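I opened this model to look up a few things for my notebook.

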Amino acid sequence: MFDNLSDKLDKAFHILKGHGKITEVNVADTLKEVRRALLDADVNFKIAKDFTAKVKEKAIGQDVLTTLQPGQLLVKLVKDELTELMGGDVAGINLSGTPTVILMSGLQGSGKTTFSGKLANFLKTKKNKKPLLVACDIYRPAAINQLHVVGDQIGVEVYSEPENKNPVEIAQNAIKHAKANGFNVVIVDTAGRLAVDQEMMDEIARVHKAIQPQETLFVVDSMTGQDAVNTAKAFNDILNFDGVILTKLDGDTRGGAALSIKSIVNKPIKFVGTGEKMEAIDVFYPERMAERILG
Ligand code: GDP
């Protein structure tokens with residue numbers, strides 16, 4: 001995960017090794033390399049620039065050069081800043097409401113349906129919940145089937161109305177069905193498109209307004225880098241969502257989306273997807289991720 005970024009940061013800190021005494025120039029060179037590593041990971045220019053400016057400010061504030069191990073302290077400052085960049089504290093999922101209603105949003109192919117299944121499985125096995133999955137994609141019958149396959153795999157019921165072309169009604173009926181049958185979590189999988197378009201946005205906004213979810217989650221493919229951030233912004237403008245799900249972190253992703261999304265939309269990354277299997281879901285811990293990146 002983020003191997004390239006880890007390698008580059010490691011090389012940046014090499015500048016500080018093998019020097020008798022570390023100078024201000026060495027620190028500046030290191031931070032320049034840190035910035036370059038972030039840019040290479042597809043982090044937006046301004047975020048990368050602010051990042052190194054903040055680390056530099058702290059390094060001056062803590063008089064890094066006069067400490068016993070300036071190199072180690074600088075690594076720690078970078079780690080703290082990476083943690084902060086990715087959201088600081090771990091963000092939980094709000095499971096209030098009877099039932100808890102969770103609305104999934106995102107582009108087609110982002111991993112929405114797969115993640116809906118993973119989340120249902122996680123809540124069932126780890127949180128002792130009885131979830132209901134809801135298929136609200138009225139355009140692609142294959143998407144409804146896919147959710148049924150996922151539901152069968154994890155032993156979770158899937159609610160769908162293949163003949164109904166009104167996603168608001170389907171979602172509302174699903175919630176009624178959940179209430180009548182003792183489901184305490186309803187996960188609504190919605191239709192995505194290949195790119196942001198007005199029709200999709202209007203539709204999900206209508207569903208969102210009608211069902212008033214406790215959690216609106218935005219699912220994004222981490223491999224899409226800067227595009228992920230732009231899409232997040234578009235969805236957040238419409239839905240003011242509660243959290244981000246970063247999928248495909250197991251792939252060859254450079255890390256830009258994970259590092260930039262929080263600063264752009266100011267919403268936490270709540271979970272990550274790390275594979276195609278139903279178990280490949282992890283709660284997102286910013287600090288652990290920062291530690292991992294720094295190796
Ligand atoms: P949707 O169109 O947003 O519902 O996307 P899907 O759930 O159908 O996922 C699109 C493709 O990405 C499928 O082939 C999934 O198996 C795959 N996928 C989803 N999540 C992950 C993940 O975390 N890692 C990997 N490697 N593949 C994933």
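My entries follow, starting with the ground rules.

**Ground rules.** I am working from a predicted model, where local features need pLDDT of at least 70, side-chain atom pairs count only at pLDDT 80 or more, and totals for chains, interfaces and linings use all residues. Residues are numbered from 1 along each chain as its sequence is written, and side-chain values use heavy atoms, with hydrogens and water left out. Helices (H or I, at least four residues) and strands (E, at least two) are DSSP runs, numbered from the N terminus.

**Entry: α1 and α2.** I looked up helix α1 (residues 3-14) against helix α2 (residues 24-40). Their axes are 8 Å apart and the packing angle is about 170°. Axes here are lines fitted to C-alpha atoms, for helices over the stretch in contact, and angles run from 0 to 180 degrees between N-to-C directions. I therefore noted α1 and α2 as roughly antiparallel to each other. The cut-offs: under 35 degrees is roughly parallel, over 145 roughly antiparallel, 65 to 115 roughly perpendicular, and the rest oblique. From α1, Leu-5, Lys-8, Leu-9, Ala-12 and Phe-13 meet Thr-30, Glu-33, Val-34, Ala-37, Leu-38 and Asp-40 of α2. Contact means heavy atoms within 4.5 Å. I sorted the residues of this contact of α1 with α2 into seven nonpolar, one polar and three charged. In that sorting Ala, Val, Leu, Ile, Met, Phe, Trp, Tyr, Cys and Pro count as nonpolar, Asp, Glu, Lys and Arg as charged, and the others, Gly among them, as polar.

Entry: I found Asp-42 in the loop between α2 and α3 (45-61). Its phi is near 75°, a positive value in a residue other than glycine.

**Entry: α4 and α11.** Helix α4 (residues 70-85) and helix α11 (residues 286-294) have axes that come within 8 Å and cross at roughly 135°. That makes α4 oblique to α11. I looked up which residues meet. Val-75, Val-78, Lys-79, Leu-82 and Thr-83 are the α4 side, and the α11 side is Pro-286, Glu-287, Ala-290, Glu-291, Ile-293 and Leu-294. This contact of α4 with α11 divides into seven nonpolar, one polar and three charged residues.

**Entry: a cis bond.** I located Pro-99 in the loop between α4 and β1 (100-105). The peptide bond from Thr-98 to Pro-99 is cis, with omega near -5°.

**Entry: ligand.** A backbone N or O atom of Gly-111 is 3.0 Å from a ligand oxygen atom. A polar backbone atom of Lys-112 lies 2.8 Å from an oxygen atom of the ligand. An N or O atom in the side chain of Asp-250 sits 2.7 Å from a ligand nitrogen atom.

Conventions: Polar contact = N/O pair within 3.5 Å; in protein donor to acceptor, adjacent residues only side chain to side chain.
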